Amino acid sequence: MTDTGERLIDDYALVVFDLDGVIYLIDRPIPGAVEAVVRLHGEGRAVAYATNNASRRASEVADLLTGMGVPARPEEVLTSAAAAAQLLSERLPTGVPVLVIGAEALRSEVRAVGLNPVTRAEDSPVAVIQGYGPQVGWADLAEAAVAVRAGAAWIATNTDRTLPSARGPLPGNGALVAALATALGREPDEVVGKPAPELFATAARRAGDGRTLVVGDRLDTDIEGANRAGLDSLLVLTGVSDVPELLAAPSHRRPTHVARNLAGLFDPAEVVRVPAASGDSGGWHVVTGADGWQLSGAGRPLDALAALCAVAWWHRPTGLPTAASPAAAQALEALGLPT
């Protein structure tokens, strides 16, 4: 639970949500997510949405959310596509050609800021902007490779290795960026989306003097981006990152709080601050030794997680924890850890 036992949401003026893995998977709402956001609106709380997915414009994301029952406005949505296009518009003269690798939404954002989206290296683009698009293929990457080798700047909207789906993680824009980087022998000149802090920093300015909470499902984008922006974060276990990844997380990818889902915003019993002060916390005891590390005691699985994080992050034991009691075995199972 939170340090005070009060609702987590009461400590913050603005909540910034990631979308895929937090609010929905592809286009289906995650159970309880719509109700949580509607409750925030009902309490008059400010919300924003920050997504690395460059395949939809802000207005399309708002329409998608509204169709799910979440009353969202385009101005509440921050996308990596819009941010990347805005970045180029600040650096390039109006009307210059920009090679767009991605979905129609990315082309629309480039066009909206006064630049000329093109599809071929023969059009002499001064920059390449690369974002996720389900139809992106070898021919698109080939055009980008030729353009970058000819001197075009290379901007990636994001480098998410995977996208969450009902069938498990699927290749994301980062996988396509990696393919192009392999061909070129170098990385993009700039990556705009998370974990870069700009999307979260832009959203946080809307909170004024109040505090901002970032809610995400990925340690490598949402949580790292929140840390780089100097913001508190809540990791929900409804998307990509799981407990083993959390226990192994380096310092720059560690969240402030963890919850199974968005119920943790409102119910102190459904959220925990991490790490605990020590391996003895909430009725749990974690010990390390030559044979690994072991959980004993009884209590909430989330309190066990906080104690495990304390030991994992401070002592770096090898392998995964084992259970010293039936209650500990049940807690590890509830956290998705082998017993």
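Visitor: Where does Pro 195 lie?

Guide: Pro 195 lies in the loop between β12 (190-191) and α7 (198-204), helices (H or I, at least four residues) and strands (E, at least two) being DSSP runs numbered from the N terminus. This is a predicted model, in which local features need pLDDT of at least 70 and side-chain atom pairs count only at pLDDT 80 or more, while totals for chains, interfaces and linings use all residues. Residues are numbered from 1 along each chain as its sequence is written, and side-chain values use heavy atoms, with hydrogens and water left out.

Visitor: What kind of peptide bond joins Lys 194 and Pro 195, and what kind joins Val 274 and Pro 275?

Guide: Lys 194 and Pro 195 are joined by a cis peptide bond, with omega at about 15°. Val 274 and Pro 275 are likewise joined by a cis bond, with omega at about -5°, and Pro 275 sits in the loop between β16 (271-273) and β17 (280-281). Most residues other than glycine have a negative phi, and most peptide bonds are trans.

Visitor: What makes the phi of Ser 124 worth a remark, and how do you know whether Ser 124 is buried or exposed?

Guide: The phi of Ser 124 is positive, about 55°, although this residue is not a glycine. Ser 124 belongs to the loop between β7 (116-118) and β8 (127-130). Its relative accessible area is 52%, and the classes are buried under 20%, exposed over 50% and partly exposed in between (1.4 Å probe, protein chains only), so Ser 124 counts as exposed.

Visitor: Why are α5 and α6 described as oblique to each other?

Guide: Two packed helices are described by the angle between their axes and the distance between the axes. Helix α5 (residues 138-149) and helix α6 (residues 173-184) pack at an angle of about 45°, with their axes 10 Å apart, where axes are lines fitted to C-alpha atoms, for helices over the stretch in contact, and angles run from 0 to 180 degrees between N-to-C directions. Angles under 35 degrees count as roughly parallel, over 145 as roughly antiparallel, 65 to 115 as roughly perpendicular and the rest as oblique, and α5 and α6 are therefore oblique.

Visitor: Which residues of α5 and α6 make the contact, and how do they divide by class?

Guide: From α5 come Leu 141, Ala 144, Ala 145, Val 148 and Arg 149, and from α6 come Leu 176, Ala 179, Leu 180, Ala 183 and Leu 184, contact meaning heavy atoms within 4.5 Å. By class there are nine nonpolar, no polar and one charged residues, where Ala, Val, Leu, Ile, Met, Phe, Trp, Tyr, Cys and Pro count as nonpolar, Asp, Glu, Lys and Arg as charged, and the others, Gly among them, as polar.

Visitor: What makes the aromatic pair of Phe 17 and Tyr 49 stacked, rather than edge-to-face or tilted?

Guide: Rings of Phe, Tyr and Trp (its six-membered ring) pair if their centres lie within 6.5 Å, and planes under 30 degrees apart count as stacked, over 60 as edge-to-face and the rest as tilted. Phe 17 and Tyr 49 are 6.0 Å apart centre to centre with 25° between the planes, so the pair is stacked. Phe 17 is in strand β1 (residues 14-17) and Tyr 49 in strand β4 (residues 46-51), so the pair ties together parts that are 32 residues apart in sequence. Phe 17 has 0% relative accessibility and therefore counts as buried, and Tyr 49, with a relative accessible area of 0%, is buried too.

Visitor: How do you know whether Thr 79 is buried or exposed, and which residues is Thr 79 in contact with?

Guide: Thr 79, in strand β5 (residues 77-79), has a relative accessible area of 2%, and Thr 79 is therefore buried. Leaving aside neighbours within four places in sequence, its contacts are Thr 51, Asn 53, Arg 56, Arg 57, Ala 58, Glu 109 and Leu 199.
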